[in-house]
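Thanks for coming. Please have a look at the model on the screen, and then I will go through some of its parts one by one.

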Amino acid sequence: MAVAFRLPDDIDRDLLGHAWMRVVARHGTLRTVFVADDESTGRGLALHEVDVVAEGWTSAHGGEMSATTEHVRRLVRDVFDEVCSPFAQPSHRLCLVEPADGAAATVIIGADHSHVDMLSWQVLVRDLLAAAVDIREGVEEPPIPAPAFADHTAELAAMPSAPATIIERWRRVLDAEGGTMPTFPLPLGDVSRPGPAHVEVHDVLDAATLARFDARAAALGVRPIALAVSVLTSATARVAGGAPLRAVFPVHSRHERRWHDAVGWFITNAVLESADPDPDACAAAVRDAVALGSYPLAPILAPYGGMPMGPGMFALSWLDARRLPIRADPTWEVQHVSAAVDVDGVMAWFTVTDHGLQMRCRFPQTAEAETNVDRWSQAVVTGLRAAAE
């Protein structure tokens, strides 16, 4: 994952580099690395803290001082593909794109997904710019260390076992798919192995229609996500012969205020299952999904050999950035960037901001997937827009 934002005019390259090292010192997960543990221990993986030392800026212009936008994108992608991996030490980099024409520079921070989630980027951009201001103003004391993500992981592992009702609910959800996580309800072609991904972005609602959508949800006594799930439920049933909506549904685990300023992957998987488009029923389905993701999954999924992912897996993500505990300053011009990866399933991201609702879909580049995911996407977009009327 990566985040890009405009560098303020009063922050130069050297100041940015020093500020970044203060950020690394503040957030423990940026100083931890995964290693393949000795097989004799039976643990498989281990996490270690390391010293991260700045080696200075290096050039990645590839011999072309006047590069096209696509060339710059490729260079940055190559850097991140090499260093932002689970076993890199460290698995993050700070990049600075300085246009030859003197236009505003762009900062891009990339990291392996095991160390960051979406809120982490808001934290990192905020802390980086704050550190730069502190250094420029002569503040010598580094910022107070943030709560460590490793501590959160340890606390999660120490939680009591999930109640029998949650374990049984997981069993029913997985058995409905033959023992795997949910799959897309329409044919995707040959997805026996991951292949190139096709990505489509739909600008579903603008600010005005989003306001009407929110008002409609409020009038029904539910949150916007419940109304959206109602639309998704109806659209799925319509294009897939009455099939219920069933999808992997990431939920966050920042349940305590102290984790709001921390950086890490505070995300766990749940399953969203909805067969009734009634908004109240959809609100209950969302609560049910959150409950499924509120307990350590390793013991629950152990009988399935771990997370039972298979070809054709279907996942939905809903992020209402307006509800995040840390809001991005509009002057940052933040853009979130995903890696280009091979896929064998379907992922749909719904992102709500002050500017509206956007849906981004990623799916295999097969004729069947392009046809059927497009059918589903168009039904969803049409339904969401109709709900805002």
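Asp-12 caps the N-terminal end of helix α1, with a side-chain oxygen 3.3 Å from the backbone nitrogen of Asp-14. That is a polar contact, meaning a pair of N or O atoms within 3.5 Å; within protein, one must be able to donate a hydrogen and the other to accept it, and residues adjacent in sequence count only if both atoms are side-chain atoms. Helices here are DSSP runs of H or I with at least four residues, strands are runs of E with at least two, and both are numbered from the N terminus.

Two remarks on where the numbers come from. This is a predicted model, in which local features need pLDDT of at least 70 and side-chain atom pairs count only at pLDDT 80 or more, while totals for chains, interfaces and linings use all residues. Residues are numbered from 1 along each chain as its sequence is written, and side-chain values use heavy atoms, with hydrogens and water left out.

Back to α1, residues 13-26. Among the buried residues of α1 are Leu-15, Ala-19, Trp-20 and Val-23. Buried means under 20% relative accessible area, exposed means over 50%, and partly exposed is in between, with a 1.4 Å probe and protein chains only. The cover over the buried residues of α1 includes β4 (92-97), β5 (106-111) and α3 (118-136).

Next, helix α5, residues 164-175. Which of its residues are buried? They are Ile-166, Arg-169, Trp-170, Val-173 and Leu-174. Seen down the axis of α5, they fall within an arc of 125°, so they line one face of the helix; the arc is that of the directions from the helix axis to the C-beta atoms. An α-helix has 3.6 residues a turn, so residues three or four places apart point the same way. Ala-164 and Thr-165, on the other side of α5, are exposed. Covering the buried residues of α5 are, among others, β7 (245-252), β8 (267-274), α8 (279-292) and α9 (297-301).

Trp-170 also belongs to the largest nonpolar core, which has 66 residues, and is one of those with the most contacts inside it. A nonpolar core is a set of buried Ala, Val, Leu, Ile, Met, Phe, Trp, Tyr and Cys residues joined through side-chain atoms within 4.5 Å. Helix α7 (residues 224-239) gives the largest share of this core, nine residues. Leaving aside neighbours within four places in sequence, Trp-170 is in contact (heavy atoms within 4.5 Å) with residues including Met-181, Asn-269, Leu-292 and Ile-300. Apart from this core lies another, of 33 residues, with Ala-19 among them.

How many disulfides are there? The count is zero, where a disulfide is a pair of cysteine sulfur atoms within 2.5 Å. Cys-84 is buried at 16% relative accessibility, and its sulfur is 7.8 Å from the closest cysteine sulfur, in Cys-95, too far for a bond. Cys-361 is buried too, at 0%, and its closest cysteine sulfur, in Cys-282, is 18 Å away, again too far.

Last, His-202 in strand β6, residues 197-206. His-202 counts as buried, at 13% relative accessibility. A polar contact of 3.5 Å joins its side chain to that of Glu-200.
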